[in-house]
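Reader: I would like to learn how to read a structure of this kind feature by feature, with the general idea before the particular case. Could we look at it together?

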Amino acid sequence: MSVFYAPLIGLSCFALIILCILVHENARFDAETKKKFYGTYIVLMLCSVAEYLGFSLNGAATATIGIHAFAKCMDFILSPLVAVFFVRQIYDKAEWMKVMYGFIGVNAVIEIASMFTGWTFYIDSSNNYHHGPFYMIYTLIYIVCIIAVIASFIAY
């Protein structure tokens, strides 16, 4: 699988760049709508790259432990953030977004702390990734974000 993973991430990012170009060239979208699309696509690309780095650095040379931990932290922060950007595109109600930003803020603090505490993930001395004792918190936040996307589609 790892042989095909890099090209898959590359093609996904290429497709997202094409979508950015298509949005840019669409005269029916106003500037604010275009910014929402761009933001969603950029966060999705960054999330994909962070996830790939975390995958490819797993078990790599121990000199890359810091980069590996940072990549996993970004992956864990950006993955639920993609859902927030989707919700913002679909159903941009202020009170709904405040709740979403709250979840994302809590998640970001926990994930940054996890780089040093191992709460939701940790990288061992052999540069291997492991779930931490509070990984379920990340899972719950991710599930809430998915439910928010589904609810936004229904509300739309």
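Reader: Which are the buried residues of α1?

Author: Keep in mind throughout that this is a predicted model. The buried residues of α1 are Y5, I9, C13, L16, C20 and V23, and what covers them includes α2, residues 31-57. As a general idea for reading such a list, an α-helix has 3.6 residues a turn, so residues three or four places apart point the same way.

Reader: How many residues does helix α1 have, and what distance does it reach from its first C-alpha to its last?

Author: Helix α1 runs over residues 2-25, which gives it 24 residues, and it reaches 35 Å between those two C-alpha atoms, close to the 34 Å expected at 1.5 Å a residue.

Reader: How many disulfides does a search of the whole structure find, and why is the sulfur of C20 not in a bond?

Author: The general idea is to ask how far apart the cysteine sulfur atoms are, since a disulfide requires a pair within 2.5 Å. The search of the whole structure finds zero disulfides. For C20, the closest cysteine sulfur belongs to C13 and is 10 Å away, which is too far for a bond; C20 itself counts as buried, at 15% relative accessibility. For C73, the closest cysteine sulfur is that of C47, at 12 Å, again too far for a bond, and C73 is buried with a relative accessible area of 1%.

Reader: Which side chains meet in a salt bridge, and where do they lie?

Author: Here one looks for a side-chain nitrogen of Lys or Arg within 4 Å of a carboxyl oxygen of Asp or Glu. The structure holds one salt bridge, in which the side chains of D75 and K72 meet at 3.4 Å, N to O. Both residues lie in helix α3 (residues 65-90), three residues apart, about one turn of the helix, and both D75 and K72 are buried.

Reader: Is N107 buried or exposed, and which residues is it in contact with beyond its neighbours within four places in sequence?

Author: For burial, the value to read is the relative accessible area, and under 20% counts as buried. N107, in helix α4, is buried, with a value of 1%. Leaving aside those sequence neighbours, N107 is in contact with F76, I77, P80, Y138 and I141.

Reader: Where is A113 found, and how far is it from P80 in space?

Author: A113 is also found in helix α4, residues 94-117. A113 and P80 are 33 residues apart in sequence and 17 Å apart in space, C-alpha to C-alpha. Not counting residues up to four places away in sequence, A113 touches G118 and W119.

Technical notes: Residues are numbered from 1 along each chain as its sequence is written. This is a predicted model: local features need pLDDT of at least 70, side-chain atom pairs count only at pLDDT 80 or more; totals for chains, interfaces and linings use all residues. Side-chain values use heavy atoms; hydrogens and water are left out. Helices (H or I, at least four residues) and strands (E, at least two) are DSSP runs, numbered from the N terminus. The expected span of a helix is 1.5 Å times one less than its number of residues. Buried means under 20% relative accessible area, exposed over 50%, partly exposed in between (1.4 Å probe, protein chains only). Contact means heavy atoms within 4.5 Å.
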